[in-house]
Amino acid sequence: MADIQGSYDDLFIAVPNALSTMLDEGDAGASVAVFVDGEPVVDVWGGFADAGRTVPWRRDTITNVWSVTKTMTSLCALVLVDRGELDLDAPVGRYWPEFAGAGKEKVLVRHVLAHTAGLPDWDGTVGDLYDWPSVTARLEAQTPQWEPGTAAGYHSLTHGFLVGELVRRITGRTVGEFFAREVAGPLGADFHIGLSAEDDHRVALTIPPPGRDEDYTASAPGGTDPGTTASVRVRDGNGVAWRRAEIPAASGFGNARSVALVQSVMACDGAVRGTRLLSPAGCGLARREQFSGEDRRLGMPVRWGLGYGLFDTGLGWGGWGGSLVVVDPGHRMAVAYVTHAMREPANDQRGMELLTAAYDALQAPPP
């Protein structure tokens, strides 16, 4: 079996065993973490950090988690809601006056968080994503594609900029700066929205699915992370410009340990290791259902909370290529899987297999 590094509680041995099997079956490298009560019961990694399989995946290896980043950005917004600085029922234009034109007067903050704002499509190029003022200007000019709040359509790229601009307008800091200072810093979490050059040597670049090259683009609707008019390619995500930019829906870099640690806040009533980021009531906001039904962009049934997908008693989200985080407040557990080895969405059950393995230890069904 593939060599697995790290530590785990013997009760959860099925989790590292499942990771070892995935690596044996051809995956390059990955990390998995399970936190209960804010502490790791599984923190393991294995394989290689490069496509050539010459550089071992190490404890501090990080990679792009794609849309798992949305859970981090949404947490920032929930912190501001809990502090009374952001009103879920206020129009976005209250905080961002230029946004209110082109028929967006009725777009509320909760619509932005729940993918019901009617602004799912990015109409610029990939290069435009690196210029925050250009992005916000484009969003200000867009017209909603449906009556805000009446339907959902996954805002694959726009979600992060919409939420991120609210954070910037209220705090005067970018969402990456706010996350670093108010979330990652206090928790000691190695997760970044906007990666500095000093961390480049730790990055495991994304590997496209077998038979694909770096021109592989985000999947069509029905997959984990649907395509947009920007046609983001693997090679874009592997570029320096992507790492440096703050693309708060898709350019977060971390590993399973950091993802599970941050999202343990949602599993533990808002506090982890003596650091409180949310009140219990504020933490519970994420689980308030905002939409249930067919998502117009994903092409499948979805339940949206405030910034998170809802799964029975759990919440979380997955990223393009396979990374996943699921939080179960009932068991005070957060499970994270972070990989750089992509698979086609229709053929990728790795995250669910690891999640099931974690629940096997609890002798409870996954959400």
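Student: What counts as a salt bridge here, and how many does a search of the whole structure find?

Tutor: A salt bridge is a side-chain nitrogen of Lys or Arg within 4 Å of a carboxyl oxygen of Asp or Glu. The model is a predicted one, and searching the whole structure gives 27 salt bridges.

Student: Which residue does R243 pair with?

Tutor: With D200. Their side chains form a salt bridge at 3.0 Å, N to O. The two residues are 43 apart in the chain and link distant parts of it: R243 belongs to helix α8 (residues 240–244), while D200 sits in the loop between β5 (192–193) and α7 (234–237).

Student: R243, buried or exposed?

Tutor: Buried, at a relative accessible area of 8%. The cut-off for buried is under 20%, so D200, at 22%, counts as partly exposed.

Student: Next one. What does R212 bridge to?

Tutor: To E344, with 2.7 Å between the closest N and O atoms. This pair also connects distant parts of the chain, 132 residues apart: R212 lies in the loop between β5 and α7, and E344 in the loop between β14 (333–339) and α11 (350–362).

Student: How accessible are R212 and E344?

Tutor: R212 is partly exposed at 45% relative accessibility. E344 is partly exposed too, with a relative accessible area of 23%.

Student: And where do R332 and D269 sit?

Tutor: They meet in a salt bridge of 3.7 Å, N to O. R332 is in the loop between β13 (324–328) and β14, D269 in the loop between α9 (256–267) and β7 (271–272), and the pair links distant parts of the chain, 63 residues apart. R332 has a relative accessible area of 30%, which makes it partly exposed. D269 is partly exposed at 37%.

Student: Switching to helices. At what angle do α2 and α6 cross?

Tutor: Roughly 70°, with the axes of α2 (residues 69–82) and α6 (residues 175–187) coming within 10 Å. The range for roughly perpendicular is 65 to 115 degrees, so α2 and α6 are roughly perpendicular to each other.

Student: What residues meet there?

Tutor: From α2, M72, T73, L75, C76, V79 and L80; from α6, V175, F178, F179 and V183.

Terms used. Residues numbered from 1 in each chain as written. Predicted model: local features only at pLDDT ≥ 70, side-chain atom pairs only at ≥ 80, totals over all residues. Heavy atoms only, no water. Helix = DSSP H or I, 4+ residues; strand = E, 2+ residues; numbered from the N terminus. Buried < 20%, exposed > 50% of the residue type's maximum accessible area, 1.4 Å probe, protein only. Axes fitted to C-alpha atoms, helices over the stretch in contact; angles between N-to-C directions. Parallel < 35°, antiparallel > 145°, perpendicular 65-115°, else oblique. Contact = heavy atoms within 4.5 Å.
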